[in-house]
Amino acid sequence: MAARALFSAPPGLYSISIPPLSSLTSRAHRVLLSHHLHVGPLSSSSSSSRRRCHYRACTDESKGPTSSDSFVLTTPLYYVNAPPHMGSAYTTIAADAIARFQRLLGKKVIFITGTDEHGEKIASAAEANNRSPREHCDIIAQSYRSLWSDLQIEYDKFIRTTDQKHEKVVKDFYARVLDSGDIYRADYEGLYCVNCEEYKDEKELTENKCCPVHLKPCSLRKEDNYFFALSKYQSKMEELLTNNPEFVKPSFRLNEVQSWIKSGLRDFSISRASVEWGIPVPNDTKQTIYVWFDALLGYISALLENGENPDIQTAVSSGWPASLHLIGKDILRFHAVYWPAMLMSAGLGVPKMVFGHGFLTKDGMKMGKSLGNTLEPTDLVNRFGADSVRYFFLREVEFGNDGDYSEERFINIVNAHLANTIGNLLNRTLGLLKKNCESTLPFSSTEAAEGIGLKNTVEKSVEMARHHYENLALSSACELVLDIGNAGNLYIDERAPWSCFKKGGETAEMAAKDLVVILEALRIMAVALSPVAPSLCARIYTQLGFTEDQFKSITWADTKWGMLPAGQKTMDPKPVFARFEIKSEEELQEAVSKAVKSSKKASRTQGMVGA
Ligand code: MSP
């Protein structure tokens, strides 16, 4: 009979049963008994090497190679149990906007995304679809890639946890943690949520014992697993948060993390005996590595170039530690508690910041594959275009908080902001320039702005927008940029250049200057909004007479007033953003089924090309 020692642990109604001597190495068992469940390390290395490894977190290596001119950011690696929905697209859209902003600042950005492909949940999804896990993962990973392309996501690395190089990095990492004496073996019993791939604390569950996120019953499981000695990192984790209050953002999530740590860190199991679809535990092929202990490493393995020696050291020297992990609030514990402790154990640096955003909800419930209340991003993109989708979610949902979707609100917002405030202003101004100045700027924007207050407003707004982008306050950044458009509209209405042109002489000259001032404000808006709505901003730039290449090479320095030269020819005004109509229920159904048909047709064509 196994001796049983119970202790409560998040996550998990979690008990450790000390297995009979025969199932443990005698050394492990000895340590187990003498350490009150800080059961013995399984490392074959000497204790001196374990001691050495334990302090690796303080060495130079842990500081990593990232410098102030690089910016490494990650999205979560998405589960491939089903194709992406709007909730999964949300993080990636936000990450792309941040990556684009950092590139504008001149940073060397490495934007990492990818897919989390191992574990029970994925194996079951494959089986349900009558596919092999590999086949299933290939199909779903591709659907992520094609959505990212539709949404104009410009990632630098796409890592799949089934990539060979990833497996090698996971094994290297496991060996380091083992070497630090932080892995031991013990029995495990708890309530498991397959959708979270996590043992749950009974206290967290709903009345009928369901996972509070997925509302599905958790099952009682008992397994002989390998454990990570998280509890050893209690004081280091406390120190990390005390010394780096910026480590978890927004600040209200830091409180949450602090309270988890305060309640005492408990070891967690990092292998599964019952799951075949995973990376085998080194030296024990009967177990696979727990999907989280595998997937988190994707942030490091992604740094490897194809064909490069796939070891962890090479990966680390290409950009670790990350500057920012962007995640949803449901996976905060993994990123802000488990992951840094795992990294410390392996002697690697911890990421600089973990930002936990809120959920996109439908009727107040988290939108998700498991609840089946998702919003199809491909439909939205087909109907409204990538700029609208990107803009709406970044502008409407305060980054960090939850946000509910409504189609009516979506259409009203993009019409008001993108079609009216920006599009109409550009169209009217270019129309007046065509009519009165043959679509040629009679003054440079510097000359035109002399003594004009709008310039100040623009400069202040753009500076504040930068500040908001830097602080990941994406909605406020959009708001500030839109303020420029509002100020431009107010200005044109007050100055009424259309009637001033009729008066001729100096009044007409002032009217021409007014047009240049407004166009310069729009140009600056195009630079400042380009992280969020890149295509729209490219169209604005080309309408203003710049080439596509000139737009591609803009930097944040181009938000400075004075880049429109006298004599520049602008294009004939053409709406840069078409308004959408709010449709009746029937019209909506028709539009959706049309979009679905066309996306199916497109994916069939892609399939043919792929084959
Ligand atoms: N595979 C893990 C992450 C491993 S990272 C090393 C995972 N995958 S997931 O596909 O379930 O979720 C990925 C991300 O999508 C999470 O950050 C999650 O919060 C986010 N979202 C899923 N549904 C969401 C909403 N309805 N709203 C906003 N984000 C949501 O967890």
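Me: Starting with helix 21, how many residues has it, and how far does it reach from its first C-alpha to its last?
Reply: In this predicted model, helix 21 covers residues 505–529, which is 25 residues. From first C-alpha to last it reaches 36 Å, close to the 36 Å expected at 1.5 Å a residue.

Me: Is helix 21 mostly covered or mostly open?
Reply: Mostly covered. Of its 25 residues, 20 are buried.

Me: OK, the nonpolar core. Which residues have the most contacts inside the largest one?
Reply: Phe173, Ile300, Phe393 and Leu529, in a core of 183 residues. Helix 21 gives the largest share of this core, 16 residues.

Me: And is there a second core, and what does it include?
Reply: A separate second core has 6 residues, among them Leu191, Cys193, Cys196 and Leu205.

Me: Back to Phe173. What does phenylalanine 173 touch?
Reply: Leaving out residues up to four places away in sequence, phenylalanine 173 touches Phe293, Leu297, Ile312, Trp339, Met342, Leu343, Ala346 and Leu348.

Me: Switching to strands. How many bridges join strand 6 to strand 8, and which way do they run?
Reply: There are 10 bridges between strand 6 (residues 183–193) and strand 8 (residues 219–228), and the two run antiparallel. As one example, tyrosine 184 has phenylalanine 227 in strand 8 as its bridge partner.

Me: What about strand 8 and strand 10?
Reply: Strand 10 (residues 268–269) is joined to strand 8 by 2 bridges, also running antiparallel. Phenylalanine 228 has phenylalanine 268 in strand 10 as its bridge partner.

Me: What is phi for asparagine 130? And for asparagine 283?
Reply: Asparagine 130 has phi near 55 degrees, positive in a residue other than glycine. For asparagine 283, phi is near 70 degrees, again a positive value in a residue other than glycine.

Me: Where is asparagine 130, and is it buried or exposed?
Reply: Asparagine 130 is in the loop between helix 5 and helix 6. Its relative accessible area is 73%, and exposed means over 50%, so asparagine 130 is exposed.

Me: One more asparagine. Which helix holds asparagine 420, and what is it in contact with?
Reply: Asparagine 420 lies in helix 16 (residues 407–437). Apart from neighbours within four places in sequence, asparagine 420 is in contact with Asn415, Leu425 and Arg579. Asparagine 420 is partly exposed, at 29% relative accessible area.

Me: Last, the whole chain. How many helices and strands?
Reply: The chain has 24 helices and 18 strands. Of its 611 residues, 58% count as buried.

Note on methods:
Residues numbered from 1 in each chain as written. Predicted model: local features only at pLDDT ≥ 70, side-chain atom pairs only at ≥ 80, totals over all residues. Heavy atoms only, no water. Helix = DSSP H or I, 4+ residues; strand = E, 2+ residues; numbered from the N terminus. Expected span 1.5 Å × (residues − 1). Buried < 20%, exposed > 50% of the residue type's maximum accessible area, 1.4 Å probe, protein only. Pairing = 2+ DSSP bridges. Contact = heavy atoms within 4.5 Å. Core = buried A, V, L, I, M, F, W, Y, C linked by side-chain atoms within 4.5 Å.
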